[in-house]
Amino acid sequence: MSSADRQRTRWFLRNILPHEPALRGWLSRSALSGIDPDDVIQEAYTILAELEAVDTILYPRAYLFQVARSVITRHVRRARIVPIHAVDDFEQLDDAASPEQQVIDRDELRQLARAIAAMPLKTREAFVLRRVDGLPQREIAAQMRISENTVETHISRGILFLIDWFGRGGNKRSQTSRNMESEIAALDGRARNQSRH
Amino acid sequence: MAERETSRDIDQAASTWTARLDRGPLPPEGDEAFLAWLSGDPRRKGALLRARALAMMSESAQALGPSFDPIAFEAPKRSPLASLSRRQALAWTGSAVAAASLLALGVGMPAAGAVIGTERGEVRLAPLKDGSTVLLNTETKIRVRYSKGERFVTLLKGEAYFSVARDEKRPFIVEVNGHRLRAVQAGFRVRKLDEAPVDVLVNEGQVDVAALNQPAFASTVSLKANTRLTLSDSANGRSAADRPRPIAPEAVTRELAWREGKLAFEGESLQQAADTFTRYSDTRIQIRDAGLAREPVTGLFAANDPVGFSRAVARVFAAKLEQDGDNLVLTRGGLHGAGAH
């Protein structure tokens with residue numbers, strides 16, 4: 001990663017990622033058929049990744065929500081059938097700061113330790129060797145007597161695990177977002193069925 | 001139009017690329033493939049940014065030091081129940097109390113012993129006349145026999161949570177599979193399911209466990225709060241080998257989530273979670289993919305809603321869900337059409 005990349009990534013980590021559970025919650029509550037909150041989130045992040053500069057953004061949370069809204073508006077326009085209330089619903093934006101934003105700053109290390117602890121065993125072993133002990137993947141392969149490709153797969157799974165953990169599931173605030181998963185999924189499932197029949 | 005990738009697929013690919021970059025610099029052809037991937041879908045750059053940010057965050061794990069033992073962190077700090085809304089909890093308590101007041105009529109017959117049971121999917125609170133209560137989980141049966149010297153309850157099958165009111169003169173005894181669990185004042189769960197050994201979990205107070213046919217001093221094990229004990233059948237004489245294990249308070253809360261009509265999972269395999277649901281309804285969740293069956297599940301779900309659970313699972317693991325009568329069938333792959341038109 002170039003140093004500019006690293007800087008952008010760090011900014012994102014500190015200023016955007018902590019709001020993801022809130023954003024997902026908001027997107028899910030106002031769920032529109034055919035629009036998956038996770039698609040919107042990724043696309044919004046792409047917009048943030050492509051920005052020339054981010055240091056002019058004073059209120060990252062508000063900005064993130066605004067970007068997400070623009071993504072939705074685009075999707076809604078693209079969709080063949082637009083529910084009449086769709087756009088209006090999204091005007092009512094819950095933008096108040098909430099405790100969720102502290103998830104990553106506070107107790108970050110403890111959260112991380114817990115996330116690592118919850119990983120599948122082999123993945124956890126590889127991930128600990130890589131991140132806690134700082135061994136390069138090649139040495140981890142030798143130590144665990146597995147191929148380098150397998151180590152890479154474990155590291156990749158570990159990262160995916162963290163994406164889920166911090167964005168969706170295991171951490172304290174966003175637990176509710178996972179709890180709501182069934183409701184979200186119900187909406188989602190309906191949308192899928194409609195799109196296939 | 002080609003099936004659209006799910007956000008999950010993209011996260012997976014983003015994690016793979018992040019891991020590959022972590023391994024070392026990409027060869028030229030790899031670089032090309034990477035750039036091609038990045039520009040292939042408007043969600044990918046964003047997903048990569050997130051994957052990298054989390055990889056960066058995980059670098060701080062180094063601060064955990066070489067003595068870091070993940071096992072010490074295996075239990076989460078917060079109980080999933082904390083996020084239950086008060087309204088839900090109250091709604092449930094209300095119905096339980098209503099059920100309980102009906103049941104109270106049946107409990108007062110001492111000699112023969114009153115049998116109290118629940119159907120599949122039912123949770124029921126049975127207040128006993130001394131002020132203790134028994135909360136019965138799905139498909140559970142107990143027999144209550146109170147005498148002058150003992151408050152005696154037999155767990156015939158299923159799972160029950162006993163809240164024992166203090167009475168030093170009259171111990172509260174739960175008999176299960178030839179074991180006597182004795183308490184003066186305690187809150188504890190006992191589970192007796194067909195294929196599994198009896199499982200005792202103490203939430204509050206103390207419970208003394210002894211085999212029925214042995215002198216009390218010979219084999220009594222005392223369980224304190226936040227301890228769990230599995231009991232092998234005393235018939236094979238191995239009960240003394242069972243050793244109590246301490247269990248984190250959060251894990252206790254999770255184990256007891258059924259008291260609120262919920263099931264809590266924290267990294268259990270999807271197969272285990274699906275099996276748990278079968279206790280609560282006639283709907284069966286079938287997982288037709290070994291890898292999918294091993295996926296870890298985390299979250300709090302309504303025990304009586306296997307469909308909602310399966311939908312959530314399908315969504316999280318990009319699996320396909322089909323309903324076939326009472327069967328819910330989960331298969332991996334094939335369904336990437338979330339946004340396809």
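Tutor: Happy to. In chain B, 49% of the contacts between residues at least 6 apart in sequence join residues at least 24 apart; two residues are in contact if their C-beta atoms, placed from the backbone, lie within 7 Å.

Student: How should I read the numbering and letters, and what kind of model is this?

Tutor: Residues are numbered from 1 along each chain as its sequence is written, while chains are lettered from A and ligands numbered from 1 in the order in which they are written. This is a predicted model, where local features need pLDDT of at least 70, side-chain atom pairs count only at pLDDT 80 or more, and totals for chains, interfaces and linings use all residues.

Student: Okay, what is the secondary structure of chain B?

Tutor: Chain B has nine helices and 18 strands. Helices (H or I, at least four residues) and strands (E, at least two) are DSSP runs, numbered from the N terminus.

Student: And how many helices and strands are in chain A?

Tutor: Chain A has 11 helices and zero strands.

Student: How much of chain A is buried?

Tutor: Of its 197 residues, 48% are buried. Buried is 20 or more other C-beta atoms within 10 Å of a residue's own, exposed is 12 or fewer, and partly exposed is in between, with C-beta atoms placed from the backbone. For chain B, 40% of the 341 residues count as buried.

Student: Switching topic: how do helices H2 and H3 of chain A cross?

Tutor: The axes of H2(A), residues 20-29, and H3(A), residues 37-50, come within 9 Å and cross at roughly 135 degrees. Axes here are lines fitted to C-alpha atoms, for helices over the stretch in contact, with angles running from 0 to 180 degrees between N-to-C directions. That makes H2(A) oblique to H3(A): under 35 degrees counts as roughly parallel, over 145 as roughly antiparallel, 65 to 115 as roughly perpendicular and the rest as oblique.

Student: Which residues in H2(A) and H3(A) meet?

Tutor: From H2(A) there are A:Glu20, A:Leu23, A:Arg24, A:Leu27 and A:Ser28, and they meet A:Pro37, A:Val40 and A:Ile41 in H3(A).

Student: Is H3(A) enclosed or exposed, and why?

Tutor: H3(A) is largely enclosed by the rest of the structure, because 12 of its 14 residues are buried. Among them are A:Val40, A:Ile41 and A:Tyr45.

Student: One last thing: what is B:Met56 in contact with?

Tutor: Leaving aside neighbours within four places in sequence, B:Met56 is in contact with A:Thr9, A:Arg10 and A:Leu13. B:Met56 lies in helix H3 (residues 44-59) of chain B, and B:Met56 counts as partly exposed, with 16 C-beta neighbours inside 10 Å.
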